[in-house]
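Here are my notes for your first look at this model. Keep the structure open and check each point against it as you read.

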Amino acid sequence: MARSMAGLDSRENRHGNHNFMDKTSAIAGTSVRLLQAFAAAAKHGSFARAARELGLSASAVTKSVQRLEQQVKLRLFQRTTRRVTLTQEGEAYYARCRRVLDELVELALLAARTAAASTGVLHLEVPLAYG
């Protein structure tokens, strides 16, 4: 496909800002579900096994990975009739994808802990003349 991970890195470095995202960015609009499907397929080397893990059909996982490949304009997998293997770009993308998904899990745990710490009964004492 047209872009490589090195190309994405050089665009970030050229602008001196790792948070820079232009309108044609490879990640803009990518859903977490697409990343989860890709990560599961990469982990298992199989769309069918990824589908079982995610509780989806193999077709849904395949389509999600294809949609992700179209969005990022990279070929992430080398496909055969029996298995899928990551391309060089796919390996680099998977390493970063795993970090992103792990961070999202940590973020959800942090939010849950914060919400749990903020619950309870609040007792207020106010003068009778107030209400």
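1. Start with a term. A polar contact is a pair of N or O atoms within 3.5 Å; inside a protein, one atom must be able to donate a hydrogen and the other to accept it. Ser46 gives an example: its side chain reaches the backbone nitrogen of Ala48 at 3.2 Å. Bear in mind that this is a predicted model.

2. Now the overall plan. The protein chain has five helices and two strands. Read from the N terminus, the order is α-α-α-α-β-β-α. The chain has 131 residues, and 28% of them count as buried. Its accessible surface is about 9300 Å², with 55% belonging to carbon and sulfur atoms.

3. Look at how the chain comes together. Take the contacts between residues at least 6 apart in sequence. Of these, 51% join residues at least 24 apart.

4. Turn to helix α2. It covers residues 32-44, which makes 13 residues. From first C-alpha to last it reaches 18 Å, close to the 18 Å expected at 1.5 Å a residue.

5. Check both ends of α2. After the helix comes Gly45, with a positive phi near 65 degrees.

6. Which residues of α2 are buried? They are Leu34, Leu35, Ala37, Phe38, Ala39, Ala40, Ala41 and Ala42. Their cover includes the helices α3 (47-54), α4 (58-72) and α5 (88-117). The strands β1 (77-79) and β2 (84-86) also belong to that cover.

7. Next, the largest nonpolar core. It holds 24 residues. Those touching the most other members are Phe38, Val61, Leu68, Leu76, Phe77 and Tyr93. At least two residues of this core come from each of α2, α3, α4, β2 and α5. The largest share, eight residues, is supplied by α2.

8. Stay with Val61 for a moment. Set aside its neighbours within four places in sequence. Val61 is then in contact with Ala37, Ala41, Phe47, Ala50, Ala51, Leu54 and Leu56.

9. Now the rings. The structure holds four aromatic pairs. Why is the pair of Phe47 and Phe77 edge-to-face? The ring planes of Phe47 and Phe77 stand at 75 degrees, with the centres 5.7 Å apart, so the pair counts as edge-to-face. The cut-off for that label is over 60 degrees. This pair links distant parts of the chain: Phe47 sits in helix α3 and Phe77 in strand β1, 30 residues apart. Both Phe47 and Phe77 are buried.

10. Widen the view from that pair. Phe47 and Phe77 belong to one aromatic cluster with Phe38, Tyr93 and Tyr94. Phe38 and Tyr93 were named above among the core residues that touch the most other members.

11. Finish with Ser46. It lies in the loop between α2 and α3. Is Ser46 buried or exposed? Its relative accessible area is 13%. Buried means under 20%, so Ser46 is buried. Not counting residues up to four places away in sequence, Ser46 touches Ala41 and Val84. Compare its place with that of Arg79, which is 33 residues away along the chain. The C-alpha atoms of Ser46 and Arg79 are separated by 9.6 Å.

Notes: Residues numbered from 1 in each chain as written. Predicted model: local features only at pLDDT ≥ 70, side-chain atom pairs only at ≥ 80, totals over all residues. Heavy atoms only, no water. Helix = DSSP H or I, 4+ residues; strand = E, 2+ residues; numbered from the N terminus. Expected span 1.5 Å × (residues − 1). Buried < 20%, exposed > 50% of the residue type's maximum accessible area, 1.4 Å probe, protein only. Contact = heavy atoms within 4.5 Å. Core = buried A, V, L, I, M, F, W, Y, C linked by side-chain atoms within 4.5 Å. Areas by Shrake-Rupley, 256 points an atom, 1.4 Å probe, with all protein chains shown as cover. Phe/Tyr/Trp six-rings, centres within 6.5 Å; stacked < 30°, edge-to-face > 60°.
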